[in-house]
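Here is a friendly walk through one protein model, meant to be read with the structure open beside you. Keep the sequence at hand as well, and look up the residues as they come along.

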Amino acid sequence: TLIINRPLAFQLTQHLAHTIVFGMKDPTKPPPPSTIVTNFMAAFAADVGVYAGGPDAKDEPGVVLHPFGELPGAMEVSPGTNIYCNRNNNKDAFWEALVEGIATGKYQPMDFRFFVGRHDFAANNNGSGNNGGRTTFTTRKDTTNTQQRDAGAVSRRKRQKQEQMKQQQ
C-alpha cells in the first residue's frame, strides 16, 4: 500500500534519484554513477513530485504513478482509471522512454509521481491483510476514490502548466 499524501521532495538530489531508480541499498555509501540516474536528474531538474510511500521496501526501486499507458511496463492501477503504475521498473526501456518523453515535451515532469518505500501491512500485522504482493493505494483520511483524486491532481497541474505556457506566449 502506498500512502500518497506525504510529499518528500520537489527537487532531486543524486542520492534521491538513485533511490527512486534502483532503491536504497546502503544509505551510508554514496550511490555508484549511473547514466540512467544522470538523465533522470536532468529531465526532472525543475520539477519532481517525490513522496514517502511508507516505511517498508525502501531498498526496492520506487513506484511511479502516471497517466501514460504507452510507457514500457505500465500497468493500469484499476481498469478504467487511466492511472498507471511502474513498480520495480529499473529497466532501461522505461527510464529511457520517460526521460525522452520529458526532453521532447511529450510528458511534463509533474505528470509523474514517485514513491519511495511502501507500507507492507502483511509484514507489520503478522501476515494478516496480505495482498499477494500487489501495490494498493490509500490516503490517511479516506480510502475511497484515491485513484480519481490522484488523476485529478495530475490533470489540474497539467492544466496549470498549459495556462502558464499560454500566458507566456
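Helix 1 passes helix 2 in a right-handed crossing. This is a predicted model, and every value below is computed from it. Two packed helices are described by the angle between their axes and the distance between the axes. Here the axes of helix 1 and helix 2 come within 9 Å and cross at roughly 115°.

Which residues make the contact of helix 1 and helix 2? From helix 1 come Gln-14, Ala-17, His-18, Ile-20, Val-21 and Phe-22, and from helix 2 come Ile-36, Val-37, Phe-40 and Met-41. The contact of helix 1 with helix 2 divides into 8 nonpolar residues, 2 polar ones and no charged ones. An α-helix has 3.6 residues a turn, so residues three or four places apart point the same way. The buried residues of helix 1 are Leu-16, Ala-17, His-18, Thr-19, Ile-20 and Val-21. Just after helix 1 sits Gly-23, with a positive phi of about 95°.

**The wider fold**

Stepping back, the protein contains 5 helices and 8 strands. Along the sequence they follow the pattern β-β-α-α-β-β-β-β-α-β-α-β-α. The chain has 169 residues, of which 41% count as buried. Among contacts between residues at least 6 apart in sequence, 71% join residues at least 24 apart.

**The nonpolar cores**

The largest nonpolar core has 24 residues. Those with the most contacts inside this core are Leu-12, Ile-20, Phe-40, Phe-44, Trp-95, Phe-112 and Phe-114. Two or more residues each are given to this core by helix 1 (14–22), helix 2 (35–43), helix 3 (92–104) and strand 7 (113–116). Which element gives the largest share of this core? That is helix 3, with 5 residues. Apart from this core lies another one, of 6 residues, among them Tyr-51, Leu-65, Ile-83 and Phe-115.

**Rings that meet**

The aromatic side chains are worth a look of their own. The model holds 11 aromatic pairs, and two of them are set out here.

| Pair | Centre to centre | Angle between planes | Type |
|---|---|---|---|
| Phe-44 and Phe-112 | 6.1 Å | 85° | edge-to-face |
| Trp-95 and Phe-114 | 6.4 Å | 15° | stacked |

The pair of Phe-44 and Phe-112 links distant parts of the chain, 68 residues apart. Phe-44 is in the loop between helix 2 and strand 3 (50–52), while Phe-112 is in the loop between helix 3 and strand 7. Both Phe-44 and Phe-112 are buried.

Why does the pair of Trp-95 and Phe-114 count as stacked? The planes of the two rings lie at 15°, and planes under 30 degrees apart count as stacked. Because Trp-95 lies in helix 3 and Phe-114 in strand 7, this pair ties together parts that are 19 residues apart in sequence. Are these two residues buried or exposed? Trp-95 has a relative accessible area of 3% and is buried; Phe-114, at 0% relative accessibility, counts as buried.

Ring pairs also build a cluster, which links Phe-40, Phe-44, Phe-68, Phe-94, Trp-95, Tyr-107, Phe-112 and Phe-114. Within helix 3, Trp-95 has its C-alpha atom 7.5 Å from that of Phe-40, although Trp-95 and Phe-40 are 55 residues apart along the chain.

**Another position in helix 3**

Glu-100 is found in helix 3 too. With a relative accessibility of 54%, Glu-100 counts as exposed, because the cut-off for exposed is over 50%.

**Backbone angles in two loops**

Most residues other than glycine have a negative phi, and most peptide bonds are trans. Where does Ala-57 lie? Its place is in the loop between strand 3 and strand 4 (63–66). Ala-57 has a positive phi of about 60° although it is not a glycine.

Asn-82 has a phi near 55°, again a positive value in a residue other than glycine. Asn-82 belongs to the loop between strand 5 (75–76) and strand 6 (84–87). At 45% relative accessibility, Asn-82 counts as partly exposed.

Conventions: Residues are numbered from 1 along each chain as its sequence is written. This is a predicted model: local features need pLDDT of at least 70, side-chain atom pairs count only at pLDDT 80 or more; totals for chains, interfaces and linings use all residues. Side-chain values use heavy atoms; hydrogens and water are left out. A nonpolar core is a set of buried Ala, Val, Leu, Ile, Met, Phe, Trp, Tyr and Cys residues joined through side-chain atoms within 4.5 Å. Buried means under 20% relative accessible area, exposed over 50%, partly exposed in between (1.4 Å probe, protein chains only). Helices (H or I, at least four residues) and strands (E, at least two) are DSSP runs, numbered from the N terminus. Axes are lines fitted to C-alpha atoms, for helices over the stretch in contact, and angles run from 0 to 180 degrees between N-to-C directions. A crossing is left-handed if the near helix is turned anticlockwise from the far one by less than a right angle, and right-handed if clockwise. Contact means heavy atoms within 4.5 Å. Ala, Val, Leu, Ile, Met, Phe, Trp, Tyr, Cys and Pro count as nonpolar, Asp, Glu, Lys and Arg as charged, and the others, Gly among them, as polar. Rings of Phe, Tyr and Trp (its six-membered ring) pair if their centres lie within 6.5 Å; planes under 30 degrees apart count as stacked, over 60 as edge-to-face and the rest as tilted.
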